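Hi everyone, thanks for coming. Let's look at today's structure together, starting with the strands and ending with the pocket.

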Amino acid sequence: MTAEQNRTTIMRFFREVIGDGELDLVDELATEDYQDHVALPSQGPGRAGLKDRIAVIRAALRPQHVLHDVIVDTDRVAVRWTLRGVHSAEFLGLQSTGKPIQFDGIDLYQMRNGRMAAHWNVVDMWRFYRQVSSQDEEKEERTWQTTTTSD
């Protein structure tokens, strides 16, 4: 498969699967033995697990991704993104707060024959946790940062 086909697969995944909720499209875009190396705690293996992951994220965060970079190198695709949404259901043990959220991440996909075969990511979960925490905790964090960096 060409680099452009791999790029198209990832763009469709973000736009149609995550964005529009077309979970059945995962069967076309991911290999049967898809591996998620950063699975959510209750996420199962393969395409079924990926569908569950996306369903949880869509329900909990109502995500809208802004893709800043999509970099393709033979059988790998890297994506740097910002997720904007609302914490609207339980996520990673945190009950819904209804608060708006915005945080960044980078995904790396291994591609096989134009399909996603494996996934790794680094996500700024600290920013997410800070945004859904109480206002008092956010105020304390800003105070701590000011006092420790003002030398």
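In which sense do β4 and β5 pair? They pair in the antiparallel sense, over 8 bridges. Strands here are DSSP runs of E with at least two residues, helices are H or I runs of at least four, and both are numbered from the N terminus; two strands pair if DSSP finds at least two bridges between them.

A quick word on the source: this is a predicted model, where local features need pLDDT of at least 70, side-chain atom pairs count only at pLDDT 80 or more, and totals for chains, interfaces and linings use all residues. Residues are numbered from 1 along each chain as its sequence is written, and side-chain values use heavy atoms, leaving out hydrogens and water.

Back to the strands. M111 has M116 as its bridge partner in β5. The hairpin of β4 and β5 has 2 residues between the strands, and N113 there takes a positive phi near 55°. β4 also runs antiparallel to β3, joined by 11 bridges.

Now look along β4, where the side chains alternate. Y109 and F103 are among those that point to one face and are buried, meaning under 20% relative accessible area with a 1.4 Å probe, protein chains only. Leave out residues up to four places away in sequence, and Y109 touches residues including F13, Y34 and M116, with contact meaning heavy atoms within 4.5 Å.

Finally, the pocket. α3 gives the largest share of the lining of the largest pocket, 5 residues.

Notes
Buried means under 20% relative accessible area, exposed over 50%, partly exposed in between (1.4 Å probe, protein chains only).
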